[in-house]
Amino acid sequence: MAVFQSDVEVYDYIGEFISSVKDDPAIGPKIRQAGIIIRFVYREPQSQITIDARNPAPEGHFYTVYYGDSAVEPDLVMSMSADTAHSFWLGKVNLMAALTRGQIVAKGPVATALKLLPVIQPTYAMYPKFLKEHGREELVKFG
Amino acid sequence: MLPEYFEFFVPARIAAGRGMSGSLGPEMEKLGVRRAFVVTDQVLMQLGLVQKVLDGLAGSAVEVAGIFDEVRPNSEVGLVEKGPGDLPELARVAGADVLVAIGGGSNIDTAKGMNIILSEGGHLLDYEGFGVITRPLKPLVAIPTTAGTGSEVTQFAVIKHEAIHTKLSFSSPYLAPNLAILDPELTVNLPPKLTASTGMDALTHAVETYVSTSWNPIADGLALEAIRIIGANLVEATTNGGNLEARYQMLVASTMAGMAFSSGMVGCVHAMAHAAGGLFDVPHGIANSILLPYGMEYNLEARPEKFREIARALGNDVEDQDPKAGGWTAIEAVFDLAERCGLPRALSEAGVPEEGLPTMAEAAMVDGAIFTNPRPAEYDEILAVLKKAY
């Protein structure tokens, strides 16, 4: 059974978690510095989240997050199951191994994603806390 | 302890032997192909090597549909897509059902890029990344004339995007050649410096994959044997280029190292060498040769036992040495090997300006190769390695 039962759940948990970091003073500026647009295309359930760290972001935010279709043209598209995405944010996915295994397909300059890995590393500890705060602690064991 | 997961994949059939290219026709017939489009360069045309290879088609059912002989030292997007009038289209119009790459890594990577467009259509940039190509392409035959890149067996292609001064990476199992012909007679004309630097490139593949975080036991076996062969033959191949046995050994070792790093990946030496090439046009083999001992020194604490094994493979007696001391023996042996081959020993000798080192370190930090380095690397540490190598 998939971790998330609908695209709304993907947006409520993965999407809102990514959004929660967009004003983080330690991580946000580093993502902004990358200056890229990454689109995550998920399956099971089908959903899509785009991080825009290139175009101007709203006041107080370092980047913009879009759910579903968006007009911005991504530099990099990363496709995976929503389960893999959930495991990724729990810090349980080795990106290079996942790329090799085909669990994640990266279309575009992969180095830009790799560049962000050390930047987002602190968020792996934040995601379980986020799920707990939002009443979904049980999802942590599905990583 | 074995890795939790590893994958080892080498689809290329390898046919090796002195004069092997003379059997090109029968070997290609086994692929069921009939019309070959050749991708090569002017130098090899003028040396008569391309004709020598194509003579191997005589009496077979395979004929030459066309030849593109203008590949330049760095494979480029514009060249792959257009060439002199839409290169993949030329092959398509010629009715080619197989591509034959003759040459070094640039020629083979150009053919890989061209194969993507010829088979799938569209633009090369549409396929940049990992796993984007999801079905078999047209057959590709690779015939290396250098012993270094390993591209004849890898699933990778690196192609420069001239407009943005960036090297694009393509990775897919379907990019790998179907057949690799290893014929040492095609490498005897390689000048000493190129023999040495491409050989050091192969050694760097083997050393870095052997200690990488993506190591696996199959790659380890190939890498260690490649190190042993290179250690025993590189100086002879460089200083006595006519020695066909040494040439043959180097060609096989380079292919073995390519097979190894196709799954085991590389590390910080390649990350820094890519930066040196992209920013200051330092030839890849030269950059690897200079940086390898310094990268080994940086990584020594992460894999001391494995570095001691490298020392052993390079012909040193390390029985009485602890792993770290054995690792140092390996570093000294690599340094010595490059010196005996007459290669430059410092970045300052290779045209890198000292003020360019911070930019190089920045570029290395975002190079894909650094993410499988056995010791997590910080910017300051990479800069320190570069300064040491300067």
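Why does Asn115(B) count as buried? And what lies around that residue?

Mentor: Happy to, and please keep in mind that this is a predicted model. Asn115(B) counts as buried because its relative accessibility is 2%, and the cut-off for buried is under 20%. As for its place in the fold, Asn115(B) belongs to helix H6 of chain B, which covers residues 105-120. Leaving aside residues up to four places away in sequence, Asn115(B) touches Leu99(B) and Glu120(B), as well as Leu137(B), Lys138(B), Pro139(B) and Leu140(B).

Now let's turn to where chain B meets chain A. About 1,300 Å² is buried between the two chains, with 72% of that on carbon and sulfur atoms. On the chain B side, the residues that lose the most area to chain A are Tyr5(B), Phe130(B) and Phe371(B), and together they make up 44% of what that side buries. The contact draws 14 residues from chain A and 13 residues from chain B. The chain B residues that touch chain A divide into six nonpolar, four polar and three charged. Between the chains there are zero salt bridges, while two residue pairs are in polar contact, both at pLDDT 80 or more.

There is strand pairing between the chains, too. Strand E5 of chain A (residues 105-107) pairs with strand E5 of chain B (residues 129-130) in the antiparallel sense, over two bridges. In E5(B), Gly129(B) is the bridge partner of Lys107(A).

Notes: Residues are numbered from 1 along each chain as its sequence is written. Chains are lettered from A and ligands numbered from 1 in the order in which they are written. This is a predicted model: local features need pLDDT of at least 70, side-chain atom pairs count only at pLDDT 80 or more; totals for chains, interfaces and linings use all residues. Side-chain values use heavy atoms; hydrogens and water are left out. Contact means heavy atoms within 4.5 Å. Buried area is the accessible area (1.4 Å probe) that two parts lose on being put together, summed over both. A salt bridge is a side-chain nitrogen of Lys or Arg within 4 Å of a carboxyl oxygen of Asp or Glu. A polar contact is a pair of N or O atoms within 3.5 Å; within protein, one must be able to donate a hydrogen and the other to accept it, and residues adjacent in sequence count only if both atoms are side-chain atoms. Ala, Val, Leu, Ile, Met, Phe, Trp, Tyr, Cys and Pro count as nonpolar, Asp, Glu, Lys and Arg as charged, and the others, Gly among them, as polar. Two strands pair if DSSP finds at least two bridges between them. Helices (H or I, at least four residues) and strands (E, at least two) are DSSP runs, numbered from the N terminus. Buried means under 20% relative accessible area, exposed over 50%, partly exposed in between (1.4 Å probe, protein chains only).
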